[in-house]
Amino acid sequence: MLGFAALTPTYGYGPLRALLFDVDGTLAETERDGHRIAFNRAFRDCGLRWDWDAKRYGELLQITGGRERIAHYAALHDPRWLAGDDAASAIAELHARKNLHYADLVRRGRIQLRHGLHEWLQQARTAGLHLGIVTTTSRDNLEALLDSSFDADMRAAFGVRITGEDVRLKKPDPECYRLALAALGLQPSQALAIEDSRNGLRSAMAAEVPTLIVRSHYFRDDDFSGAWRVIDDFRECSLADVQRRFDATQLDETACPHRAVPIL
């Protein structure tokens with residue numbers, strides 16, 4: 001739910017008012033042991049002899065979006081299949097089956113939240129910060145993870161949820177972040193994006209949202225030039241410390257290089 005009508009705009013400049021979380025790799029290490037396995041199971045369901053090992057899947061993550069990833073792989077490795085008259089519906093079927101397998105993996109506890117995240121979220125609620133989701137994943141995948149990982153009160157705290165189904169263009173396009181900011185009625189400088197990848201960083205930067213990178217398995221060595229801060233783990237610092245640093249940064253715009261950054 002976007003919640004546009006429920007929120008009244010309160011434009012201004014700083015201090016920190018909202019945390020906007022990416023999902024895959026950021027809330028949880030979902031990619032290698034979740035989405036990848038689910039894709040492979042969907043391929044077997046549909047009689048395809050495709051198999052994405054951990055290394056290949058890491059390479060495919062440069063393509064944003066599950067359907068897009070399938071089409072990209074098929075163009076390189078099975079162009080005759082992609083040229084079929086029903087390729088578009090076949091891709092949709094594969095993706096739907098993959099999402100069902102992913103939801104099953106989540107329900108069975110195969111996907112765990114990143115260490116220290118629960119503490120951050122509790123601190124954010126205590127501090128009165130808005131919580132939002134800004135992701136390219138599907139709404140079904142998002143809800144499966146939230147339902148399995150959080151109680152009802154914490155799920156409700158994510159008042160704004162922008163998924164890949166809510167936008168015309170996925171990350172690194174900034175549309176998703178602009179929608180989230182509009183829903184919250186906030187300026188970019190009042191929010192902190194929390195991402196794990198270069199594409200996510202580019203999306204937030206293009207929307208002029210300062211970005212904290214929490215490195216993940218697949219994107220650990222990405223170029224994070226322009227990020228507000230880069231950490232390896234949520235346990236590395238408390239949210240209170242991040243909030244103090246963020247508010248101090250806003251006193252000096254030159255310390256926050258998130259202005260007019262183009263999509264490359």
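Colleague: In strand 2, which residue is the bridge partner of Ala18?

Modeller: The partner of Ala18 is His130. This is a predicted model, in which local features need pLDDT of at least 70, side-chain atom pairs count only at pLDDT 80 or more, and totals for chains, interfaces and linings use all residues. Residues are numbered from 1 along each chain as its sequence is written, and side-chain values use heavy atoms, with hydrogens and water left out.

Colleague: How many bridges join strand 1 to strand 2?

Modeller: Strands (E, at least two residues) and helices (H or I, at least four) are DSSP runs numbered from the N terminus. Two strands pair if DSSP finds at least two bridges between them. Here four bridges link strand 1 (residues 18–21) with strand 2 (residues 130–134), and the two run parallel.

Colleague: In what order do the six strands form the sheet?

Modeller: The order is 3-2-1-4-5-6, in an open sheet with parallel pairing. Strand 3 (158–162) and strand 6 (229–231) are the edge strands, each pairing on one side only.

Colleague: Which strands does helix 7 lie across?

Modeller: Axes are lines fitted to C-alpha atoms, for helices over the stretch in contact (heavy atoms within 4.5 Å). Angles run from 0 to 180 degrees between N-to-C directions. Helix 7 (residues 139–149) lies across strand 2 and strand 3, at about 150° to strand 3.

Colleague: Is Cys176 buried or exposed?

Modeller: Buried means under 20% relative accessible area, exposed over 50%, and partly exposed in between (1.4 Å probe, protein chains only). Cys176 is buried because its relative accessibility is 3%.
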